[in-house]
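Please read this briefing alongside the sequence and the coordinates. The points below are grouped by topic.

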Amino acid sequence: MPIYNAERFVERALLSALNQTFSSIEYLIIDDKGSDGSMEIVRKIVSQHPRGKDVRIIEHEKNEGIGATRNAALDLATGKYLFFMDDDDEIASDCIEILYNKMQEHPVDVVIPSFVYRSLDDKISSTHRYPDIIIEGEVFPIAFYRYVKENDIFVAGWNRLYNLEFLRNNNIRCVPDHLNEDCWFTYQVILKATSVCLLSNITLYYTINPDSVCGNNQKRGYSQRICEQYVDIERRKTDYIGELKSTELYPALVFDIIFMSFYYAYKFMDSQQITNDQKIKYVRQILSNRFPFSLKLKQDKVYFKYLLFRTVYSLPLTVKVFVIQTLVRIKGISIVRKWINFK
């Protein structure tokens, strides 16, 4: 659990972790040097709780961001499995027991349970629920499930029980200075995992926090740092799939990158936190990746979208920038939402 400026929520979050029904847990608390009293609350709870002896507090010298805190856990954890949670969320009392038992019943690279969104006044606003299924195979089974068959796997890295050996053997890590670290981390997991268990059990209550990174993105649009992060992620994805260009999976992965690049370009242009020159710069950067053409995808539905988006993406860069500017001027977020839900 990374700790950064969460004194309003951290007691509830930490106690939900310490009060788990599962008995054998090592707790890694990463002090990411916030400016409020969060760590004082943490230290008081740890000093008084029966499980305080199982807690390790790792102190960063300065604020490094949540990506760096995740990497610290990957480096320092001594258990067989790893579970991430944030300092403003809450997990069910039997969360770890449910996930551990499922892992023993059918060992997989990662167990992914369901969760709910909860407002600051504790009202449930929506549920993100998975079917109870196991996805496994030798050749990109999770990536085919997500990108070719277009089934849902939420991007977040939290509320999942990972086989730590799987993460380490595949060198799956976060970009240290990324704030929304989940996008790149989960992308690697999806492409490298050969077995995943999805569960309908609700094990985490996600706090809709307007002061979090995601909350600020919603209120004021992307900051310069967030824009640079998403440009970097799409470039990383483009480089990452280069060795897969001869596979059937490749066109679906290209479609995902093109689609997300257009979406982020819209968000850049619609931001209130960056200048017009910065907007143009970041839109140009994220719409400049290049991909070899592929005819290997056999899924008609996905292949049609691949061809459609590749055609639009092949337009001159100035035209693509103009299209994004026009969508923002006409408040074309509904069009973008149709793109997102285009099945």
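The model is predicted. Its largest nonpolar core has 111 residues, and the structure holds 25 aromatic pairs. Helix H3, at residues 66-76, is largely enclosed by the rest of the structure, because 9 of its 11 residues are buried.

- Three strands form an open sheet in the order S1-S2-S3, and their pairing is parallel. S1 and S3 (55-59) stand at the edges with a single partner strand each, so one side of each is left without a neighbour in the sheet.
- The parallel strands S1 and S2 are joined by 2 bridges, and Pro2 has Ile30 in S2 as its bridge partner.
- Helix H2, at residues 38-48, packs on this sheet and touches S1, S2 and S3, with a direction that makes about 155° with that of S3.
- Helix H3 also lies across S1, S2 and S3, and runs at about 145° to S2.

- The buried residues of H3 are Ile66, Gly67, Ala68, Thr69, Arg70, Asn71, Ala72, Ala73 and Leu74.
- These buried residues of H3 pack against strands S1 (2-3), S2 (27-31) and S4 (81-83), and also against helices H6 (164-169) and H7 (182-192).
- Helix H5 is likewise largely enclosed by the rest of the structure, because 6 of its 8 residues are buried. The buried residues in H5 are Pro141, Ile142, Ala143, Tyr145, Tyr147 and Val148.
- Just after H5, the backbone at Glu150 takes a positive phi of about 60°.

**The largest nonpolar core**

- In soluble globular proteins, nonpolar side chains tend to be buried together.
- Within the largest nonpolar core of this model, the residues with the most contacts are Leu167, Phe185, Ile241, Tyr264 and Phe268. Helix H10 gives the most to this core, contributing 16 residues.
- When residues up to four places away in sequence are not counted, Leu167 touches Leu74, Leu82, Tyr162, Ile172, Phe185 and Val189.
- Val189 is found in helix H7, and with a relative accessible area of 5% this residue is buried, the cut-off being under 20%.
- Leaving aside neighbours within four places in sequence, Val189 is in contact with Val110, Tyr162, Phe166, Leu167 and Ile172.
- Val189 and Ile25 lie 164 residues apart in sequence, and their C-alpha atoms are 23 Å apart in space.

**Aromatic pairs and a charge over a ring**

- Among the 25 aromatic pairs that the structure holds, the rings of Phe115 and Trp158 have their centres 5.0 Å apart and their planes at 80°, so this pair is edge-to-face.
- That pair links distant parts of the chain, 43 residues apart, with Phe115 in strand S6 (residues 110-118) and Trp158 in the loop between helix H5 (141-148) and strand S9 (161-163). Phe115 counts as buried at 2% relative accessibility, and Trp158 is buried with a relative accessible area of 5%.
- The rings of Tyr230 and Tyr264 have their centres 4.1 Å apart and their planes at 15°, so this pair is stacked. The pair links distant parts of the chain, 34 residues apart, with Tyr230 in helix H9 (residues 224-240) and Tyr264 in helix H10 (residues 250-269).
- Tyr230 counts as buried at 6% relative accessibility, and Tyr264 counts as buried at 6% relative accessibility.
- One aromatic cluster is formed by Tyr222, Tyr230, Tyr263, Tyr264, Phe268 and Tyr282.
- The charged end of Lys320 sits over the ring of Tyr313, at 4.0 Å from the centre of that ring.

**An exposed loop residue**

- Ser35 is found in the loop between S2 and H2, and with a relative accessible area of 70% Ser35 is exposed, the cut-off being over 50%.
- Ser35 and Asp177 are 142 residues apart along the chain, and their C-alpha atoms are separated by 18 Å.

Conventions: Residues numbered from 1 in each chain as written. Heavy atoms only, no water. Buried < 20%, exposed > 50% of the residue type's maximum accessible area, 1.4 Å probe, protein only. Helix = DSSP H or I, 4+ residues; strand = E, 2+ residues; numbered from the N terminus. Contact = heavy atoms within 4.5 Å. Pairing = 2+ DSSP bridges. Axes fitted to C-alpha atoms, helices over the stretch in contact; angles between N-to-C directions. Phe/Tyr/Trp six-rings, centres within 6.5 Å; stacked < 30°, edge-to-face > 60°. Lys NZ or Arg CZ within 6 Å of the ring centre and 35° of its normal. Core = buried A, V, L, I, M, F, W, Y, C linked by side-chain atoms within 4.5 Å.
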